[in-house]
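Subject: Structure handover

Hello,

Here is the structure for you to take over. Please open it first, then read the notes below.

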Amino acid sequence: MTTFVDRVELHVAAGSGGHGCASVHREKFKPLGGPDGGNGGRGGDVILVVDQSVTTLLDYHHSPHRKATSGKPGEGSNRSGKDGGDLVLPVPDGTVLLNKNGEVLADLVGHGTTYVAAQGGRGGLGNAALASARRKAPGFALLGEPGTAGDVVLELKTVADVALVGYPSAGKSSLISVLSAAKPKIADYPFTTLVPNLGVVTAGSTVYTIADVPGLIPGASEGRGLGLEFLRHVERCSVLVHVLDTATLEAERDPLSDLETIEAELAAYGGLEDRPRMVVLNKVDIPDGKDLADIIRPDLEARGFQVYEASAVSRVGLKELSFALAGIVGEARAAKPQQEATRIVIRPKAVDDAGFTVAVEEDGLFRVRGEKPERWVHQTDFSNDEAVGYLADRLSRLGVEEALVKAGARTGDGVAIGPEENAVVFDWEPAMAAGAEMLGRRGEDHRLEEPRPATQRRRERDAVRDDADQEFKKFKPF
Ligand SMILES: Nc1nc2c(ncn2[C@@H]2O[C@H](COP(=O)(O)OP(=O)(O)OP(=O)(O)O)[C@@H](O)[C@H]2O)c(=O)[nH]1
Ligand SMILES: [Mg+2]
């Protein structure tokens, strides 16, 4: 049995960036040929893309954990690691993305609309890319950054031009089956349709989509019957068509009160007031039905409805109905220009120049927050002293050291970089501030070079620039 799933919780994880490689080129008789460690590859993104050939979220219901591949580490001889592959997840047109708190993140409408649900981590720079005039032979490389991960809720709202609404067994599915090539289940018991059916209708030069919704009954908007679950699908349809059963055998029902009941449910659900409406009097192949249709038509027209008579069985009135729908759909489309496919990317906040904050917490811990410092911490291999020193240099150049001094930090105070749940905490060693002074020496290998005059060394040392950040711009920008 196929199930219709219109709400799933999806767990997505992007790939991590590959680590950079620290390697030194070796050749016969030339043991130290310079750094040649390549960069790590970028981690793959998890991308949701609207694909009109996909109609359910069933796949994600069965396997809700999706992960993109990670970048490969860089290698010696300047070989970059391979990028991780993006994981592209097709979703139906009209998929709404929410976070776990129910807040809408994005509304994916239109074939090709794209949403990056998780962003791959950047690859770490290899030691070749980290080398500079000041740091000829870095004995370390940067780690790849973790990709983002999280949970999103996908909710499907059918997107169709026309929605057929009405009591169970009014003949909504039957009408779809004769107006389009769709073959929905039809039967003479109520609630035959458990999930919306979608059909494509061609009338002259107009092509439009038509959806039925499971039968509505009084109280549907409060959850009676199947109504509430599926009224949500009606939200996305631009035209509402009341299918009224002119031949119902239920004593207390008649087409006019049916119409009023359904309108009351739509009003209680809310937000559908602006949809143009039309009435179809169905089952006029039955003589009593035709008689009743003739009697109530003036009343309906007086209420402002366009009224069409039809029979899904004898097929009378279908052509007029399909052209009338084409006309009203055309007007609705003209009033609301077609939405173009859009690419929606939720990026981390743009890097601002100040770049960080320092806060003193109750227990005396100094917490540093900022895109750059947090990223740099992730890139640091803490088992490598040189890498840690490089981090200290970067932090110092960004002004973190200075800000900590201003905030009152003293030797031995705890400093945390990052959010509470994922911070790197260390005892502050103000000597780190001297790291800037030592820049000229860290990473230098005197065997690689002739001694230079002191003035030149000083000039190189004073050239204040963040090599690694510049390298980053050259290397795989997002
Ligand atoms: N005589 C006659 N019977 C019809 C017509 N349209 C539908 N029926 C019958 O009415 C019954 C219900 O039809 P469906 O198309 O399943 O009705 P529905 O509105 O989709 O019902 P739910 O899915 O339960 O909401 C079936 O037995 C159909 O054969 C019609 O124009 N004339
Ligand atoms: Mg049906």
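**The shell around ligand 1**

Ligand 1 is surrounded by 24 residues, and the closest are Lys172, Ser174, Phe191, Thr193 and Asp285. A residue is near a molecule if one of its heavy atoms lies within 4 Å of it.

Before going on, some ground rules. This is a predicted model, in which local features need pLDDT of at least 70 and side-chain atom pairs count only at pLDDT 80 or more, while totals for chains, interfaces and linings use all residues. Residues are numbered from 1 along each chain as its sequence is written, chains are lettered from A and ligands numbered from 1 in the order in which they are written, and side-chain values use heavy atoms, with hydrogens and water left out.

Back to the shell. By class, eleven of its residues are nonpolar, nine are polar and four are charged. Here Ala, Val, Leu, Ile, Met, Phe, Trp, Tyr, Cys and Pro count as nonpolar, Asp, Glu, Lys and Arg as charged, and the others, Gly among them, as polar. Helix 3 supplies the largest share of the shell, three residues. Helices (H or I, at least four residues) and strands (E, at least two) are DSSP runs, numbered from the N terminus.

Polar contacts come next. The term means a pair of N or O atoms within 3.5 Å; within protein, one must be able to donate a hydrogen and the other to accept it, and residues adjacent in sequence count only if both atoms are side-chain atoms.

- Ser174 places a polar side-chain atom 2.5 Å from a ligand oxygen.
- Ser311 has a side-chain N or O atom 3.3 Å from a ligand oxygen.
- Asp188 has a backbone N or O atom 3.5 Å from a ligand oxygen.

On its own, ligand 1 has 660 Å² of accessible area, and the protein covers 88% of that. Accessible areas come from the Shrake-Rupley method with a 1.4 Å probe; for residues, only the protein chains shown count as cover.

**Ser174**

Ser174 sits in helix 3. With 17% relative accessibility, Ser174 counts as buried. Buried means under 20% relative accessible area, exposed over 50%, partly exposed in between (1.4 Å probe, protein chains only). Contact means heavy atoms within 4.5 Å. Ser174 and Ala312 are 138 residues apart in sequence, but their C-alpha atoms are 5.8 Å apart in space.

**The annotated positions**

Which residues does UniProt list for "binding site"? The unreviewed entry gives Ser173 and Thr193. The two span 21 residues in sequence, yet no two of their C-alpha atoms are more than 7.5 Å apart, so they gather at one spot. UniProt positions are in the numbering used here, feature names are shortened, and annotations may be inferred rather than shown by experiment.

Ser173 lies in helix 3, which covers residues 172–179. Ser173 is buried, at 7% relative accessibility. Leaving aside neighbours within four places in sequence, its contacts include Thr193, Asn197 and Asp212. Thr193 is in the loop between helix 3 and strand 10 (197–203). Thr193 is also buried, at 10%.

**The whole protein**

The protein has 13 helices and 19 strands. It has 478 residues, and 50% of them count as buried. Of the contacts with a separation of 6 or more, 73% join residues 24 or more positions apart.

Helix 8 (residues 371–378) is largely enclosed by the rest of the structure, because six of its eight residues are buried. Among them are Arg375 and Trp376.

**Loop residues to look at**

Most residues other than glycine have a negative phi. Two entries here have positive values. Asn78 has a phi near 60°. Asn78 lies between strand 3 (65–67) and strand 4 (87–91), and is partly exposed at 48%. Arg315 has a phi near 65°. Arg315 is in the loop between strand 14 (306–309) and helix 7 (318–335), and is exposed at 51%.

Last, Asn39. Asn39 is in the loop between strand 1 (7–13) and strand 2 (46–50). Asn39 is buried, at 13%. The Asn39 side chain reaches the backbone nitrogen of Gly126 at 2.8 Å.

Best wishes
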